[in-house]
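Trainee: Before I use these terms in a report, I would like to know what stands behind each of them.
Mentor: Then ask about them one at a time.
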Amino acid sequence: MENNVQTHLTSGQFAKVMGISKDTLFHYDRLGILSPEFKAENGYRYYSINQIDVFKVISILKELEMPLKEIKEFLNKRSPHELIILLDKEEAMLNSKIKQLQKMKSIISEKKRITQAATEIISTDIILRKKTRSFW
């Protein structure tokens with residue numbers, strides 16, 4: 001394949017299109033997660049338009065809080081089947097987190113309701129009575 005700078009983006013252009021810093025691209029290159037398709041004689045790094053899809057997968061996995069090491073492992077063996085397996089696993093974890101958050105939200109709502117009701121009690125309406133003991 002001929003390396004034509006007209007069909008590729010510099011690291012700065014690629015970073016701008018993806019909304020990230022060049023440092024992020026350099027970091028990914030050092031880790032072997034996403035390397036430029038080629039480096040020119042002047043040292044410029046060039047990314048292919050096709051690498052945008054790979055970057056989007058990396059971004060999604062990062063949003064799912066997957067460590068970069070695991071992202072690299074996935075990228076090394078990626079396939080549609082592997083992606084489906086990975087996303088099924090992530091979906092199950094998200095469903096578990098959602099369930100936990102819904103439970104926490106319910107507790108907060110109930111505490112808020114009880115506290116609101118307590119603030120509406122008028123202290124002058126409270127009557128204390130001494131209870132006498134009876135055998136019946």
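Trainee: How do you know that strand β2 and β3 pair, and in which sense, parallel or antiparallel?
Mentor: This is a predicted model, and in it β2 (residues 38-39) and β3 are joined over two bridges in the antiparallel sense. Pairing requires at least two bridges, so the term applies. Phe38 stands opposite Tyr46 in β3. In the hairpin of β2 and β3, five residues lie between the strands, and Gly43 there has a positive phi near 90°.

Trainee: What joins strand β1 to strand β3?
Mentor: Three bridges link β1 (residues 8-10) to β3 (residues 45-48), and the two strands run antiparallel. Since at least two bridges are needed, β1 and β3 count as a pair. Leu9 stands opposite Tyr47 in β3, and His8 has Ser48 as its bridge partner.

Trainee: What makes β1 and β2 the edge strands?
Mentor: The open sheet has three strands in the order β1-β3-β2, paired antiparallel. β1 and β2 each pair on one side only, and that is what the term edge strand says. Helix α1 packs on this sheet, where α1 touches β1 and β3, and the direction of α1 makes about 95° with that of β1.

Trainee: Why is α1 called roughly perpendicular to α2?
Mentor: Helix α1 (residues 11-18) and helix α2 (residues 22-31) pack at an angle of about 110°, with axes 8 Å apart. The range for roughly perpendicular is 65 to 115 degrees, so α1 is roughly perpendicular to α2.

Trainee: Which residues of α1 and α2 meet?
Mentor: Ser11, Gly12, Phe14 and Ala15 in α1 meet Lys22, Leu25 and Phe26 in α2. By class, the residues of this contact are four nonpolar, two polar and one charged. Gly counts as polar in this scheme, and Gly12 is among the contact residues.

Trainee: Which residues line the largest pocket?
Mentor: The lining consists of Met66, Glu70, Glu73, Phe74, Lys77, Glu82, Ile85, Leu86 and Lys89. The volume of this pocket is about 170 Å³. Helices α4 (68-76) and α5 (80-119) are the elements that give two or more residues to the lining, and α5 gives the most, with four.

Trainee: How many residues of each class are in that lining?
Mentor: There are four nonpolar, no polar and five charged residues. Glu and Lys count as charged, and the lining includes Glu70 and Lys77.

Definitions and conventions
Residues are numbered from 1 along each chain as its sequence is written. This is a predicted model: local features need pLDDT of at least 70, side-chain atom pairs count only at pLDDT 80 or more; totals for chains, interfaces and linings use all residues. Side-chain values use heavy atoms; hydrogens and water are left out. Axes are lines fitted to C-alpha atoms, for helices over the stretch in contact, and angles run from 0 to 180 degrees between N-to-C directions. Angles under 35 degrees count as roughly parallel, over 145 as roughly antiparallel, 65 to 115 as roughly perpendicular and the rest as oblique. Contact means heavy atoms within 4.5 Å. On a 1 Å grid over the protein atoms alone, a cavity is a set of points where a 1.4 Å probe fits but cannot get out, and a pocket is an open set with protein on both sides within 12 Å along at least five of seven lines; lining residues have an atom within 4 Å of a point. Grid points are joined across faces, edges and corners, and a volume is the space filled by probe spheres set on the points.
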